[in-house]
Amino acid sequence: MIRIISPTISGFGGRGVLPPVLPVLAIAFLSLMTVTTLLTTTTTTMFAVVNAAPATTKTTARNIKILNHSGAKVELYWIHPDTRVGSLMSTPHILSGADFALNSYMGHEFEVRELPSSKSGVCTQRLEDQTCGNGLFAVSENNDQLLTVTQGFEVEFLDDQIRAKLKAIAILDSCQTKAANNTMNTLTLMDCIQNGMTKTLAKANEEINFQTKIRTGMAEMMENYTCADLKLNTSESIRTDTWRGARDHKRRNVNVLLDRPASKIIVIDNFISEQECTAMANAAKPKLHQATVADGKGGSHMSEHRKAMQAGIKVPWSLENSNGNGNGNGSDIAILSRKVYDFTNYMLDLNINEYGQEDLMSIQYFGRGINDTQPDRYTPHCDGDCTGLPHKTGTRMATMVMYCNIPEVGGHTNFRNAGVHVKPKIGSAVFFSYIDPDTRITDTGLTEHSGCPVLEGEKKIVTQWIRLGVDDDSPWDAFNSLGLKYSDEDDD
Ligand SMILES: O=C(O)CCC(=O)C(=O)O
Ligand SMILES: [Fe+2]
């Protein structure tokens with residue numbers, strides 16, 4: 001049985017490292033927040049920091065590192081929330097100088113307990129009475145949690161929020177000291193804070209860009225191996241929700257593989273029916289032609305980066321509720337298309353409808369054997385902008401890829417920069433969005449993806465590229481592949 005020393009556990013156990021914040025600082029903080037908002041909304045270099053905000057994932061799992069710098073052996077106990085009984089987590093104990101990785105959940109409480117010296121049989125951390133040192137902490141909702149047990153058995157807790165606050169406090173302290181020493185007026189105090197914030201954010205951005213470069217370089221090297229690894233399964237989901245189709249009332253599992261404000265990757269089970277696949281394949285048959293890619297100048301051309309056949313299928317919206325056969329059923333293609341927009345609106349609060357959108361696309365890859373050196377594939381690309389810059393009206397912001405036929409060898413969908421892999425299943429779909437619906441800032445490359453080489457068998461997918469800012473007056477083909485409206489281009 002573990003005795004709880006302090007009945008109130010906050011984010012800190014023992015003595016936290018955050019110094020007490022004076023009321024005057026609270027006021028200064030408010031100003032600081034205003035400065036931060038100002039900086040992030042007016043400076044484009046700040047976008048990486050905006051995107052680096054804590055994940056919107058609702059998962060409560062958190063990893064914590066515990067560093068034992070106490071000079072004694074310690075044990076770690078999980079405290080049952082109802083019985084307050086402790087269960088040993090560190091089997092058997094954490095040596096002095098060692099660290100311990102704990103996978104836990106938000107709000108879970110733990111106690112670190114000193115163990116008596118094996119030589120003297122006594123605890124040394126609280127020299128006055130030789131009682132064994134202990135400290136309590138609770139897992140916070142934040143990331144990068146680090147708990148250090150120090151000499152004298154103080155428990156210091158840090159996470160990304162506390163680190164950020166400490167930095168902000170340091171900026172304020174330094175500015176206040178300057179203000180106290182000089183005769184700084186309010187404006188210069190604000191200037192001082194603004195400069196401090198700018199330097200800190202610029203440094204953070206530089207670090208993010210550096211890390212991104214390394215990560216994308218590694219992802220590039222891994223792409224071919226990942227695609228060639230036939231044992232790879234779909235990546236584990238962060239969480240699974242359910243979504244119910246408005247027309248068929250079917251509940252489907254929605255597996256969230258990536259959930260960032262501007263970059264989401266979701267796999268939906270049983271999204272497209274066999275009947276819908278057949279309708280698309282039949283409509284596509286007479287129109288299949290070699291696929292093209294954007295040429296970077298506003299047009300498109302054939303390319304070895306995209307080896308596949310494709311056919312755009314116009315959605316017969318007038319037949320959505322009756323296909324004209326007198327049986328009261330709607331067109332499978334229109335029903336499928338509506339389902340895509342319904343799901344898009346479930347995921348993103350952008351009120352998307354069918355007006356001005358691109359046609360549904362049937363894409364087909366054919367395997368020519370495992371020795372084919374130029375197999376059908378779609379090399380890594382972004383469907384819309386993935387620059388981290390603001391979305392251009394009328395361009396793409398989400399994609400739904402629906403799997404109708406699965407090849408025997410190859411043909412997975414790989415999101416190399418996100419470390420997310422999708423092994424297609426007949427009827428399933430992968431939805432990915434590359435815009436933050438609130439700020440309209442685009443993804444920074446996490447949704448870049450590829451259709452891996454198809455070596456044996458046929459892969460048939462239906463893709464809907466979804467645009468934002470189109471309507472009947474400004475439909476998708478009023479914009480070139482750079483997102484420029486033809487009528488605006490003509491003005492130049
Ligand atoms: O074939 C795939 O898995 C990906 C297709 C794709 O990238 C697209 O349709 O935009
Ligand atoms: Fe794509």
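The model is predicted, so local features need pLDDT of at least 70 and side-chain atom pairs count only at pLDDT 80 or more, while totals for chains, interfaces and linings use all residues. Residues are numbered from 1 along each chain as its sequence is written, and chains are lettered from A and ligands numbered from 1 in the order in which they are written.

**The chain as a whole**

- The chain holds 7 helices and 25 strands; helices (H or I, at least four residues) and strands (E, at least two) are DSSP runs, numbered from the N terminus.
- Of its 492 residues, 34% count as buried. A residue is buried if 20 or more other C-beta atoms lie within 10 Å of its own, exposed if 12 or fewer, and partly exposed in between, with C-beta atoms placed from the backbone.
- Take the contacts between residues at least 6 apart in sequence: 70% of them join residues at least 24 apart. Two residues are in contact if their C-beta atoms, placed from the backbone, lie within 7 Å.

- Strands of a sheet pair through backbone hydrogen bonds, either parallel or antiparallel.
- One open sheet has 4 strands in the order 4-1-7-8, with mixed pairing; two strands pair if DSSP finds at least two bridges between them.
- Strand 4 (99-105) and strand 8 (155-158) are the edges, and each has a single partner strand, so one side of each has no neighbour in the sheet.
- Strand 1 (residues 61-68) and strand 4 run antiparallel and are joined by 7 bridges.
- One residue pair to look for is Arg62 with its bridge partner Ser104 in strand 4.

- Another open sheet has 9 strands in the order 9-10-11-23-19-25-17-16-12, and its pairing is antiparallel.
- Strand 9 and strand 12 stand at the edges with a single partner strand each, so one side of each is left without a neighbour in the sheet.
- Strand 12 (residues 289-290) is joined to strand 16 (residues 309-313) by 2 bridges, and His289 stands opposite Gln310 there.
- Strand 16 also pairs with strand 17 (residues 360-366), over 5 antiparallel bridges, where Gly312 stands opposite Met361.
- Strand 17 is in turn joined to strand 25 by 6 bridges, and Met361 faces Thr463 of strand 25.

**Helix 3**

- Helix 3 (residues 160-181) has 22 residues and reaches 32 Å from its first C-alpha to its last, close to the 32 Å expected at 1.5 Å a residue. The expected span is 1.5 Å times one less than the number of residues.
- Buried residues in helix 3 include Ile162, Ala168, Ile171, Leu172 and Cys175.

**Lys250**

- Lys250 lies in the loop between strand 9 (239-244) and strand 10 (251-260).
- Lys250 is partly exposed because 13 other C-beta atoms lie within 10 Å.
- Setting aside neighbours within four places in sequence, Lys250 is in contact with Arg244 and Gly245.
- Asn270 is 20 residues from Lys250 in sequence and 9.4 Å away in space, C-alpha to C-alpha.

**Around ligand 1**

- Among the residues surrounding ligand 1 are Ile363, Tyr378, Asp383, His449 and Thr463; a residue counts as near a molecule if its C-beta atom, placed from the backbone, lies within 6 Å of it.
- Strand 19 (396-405), strand 24 (449-456) and strand 25 (458-467) are the elements giving two or more residues to this shell.
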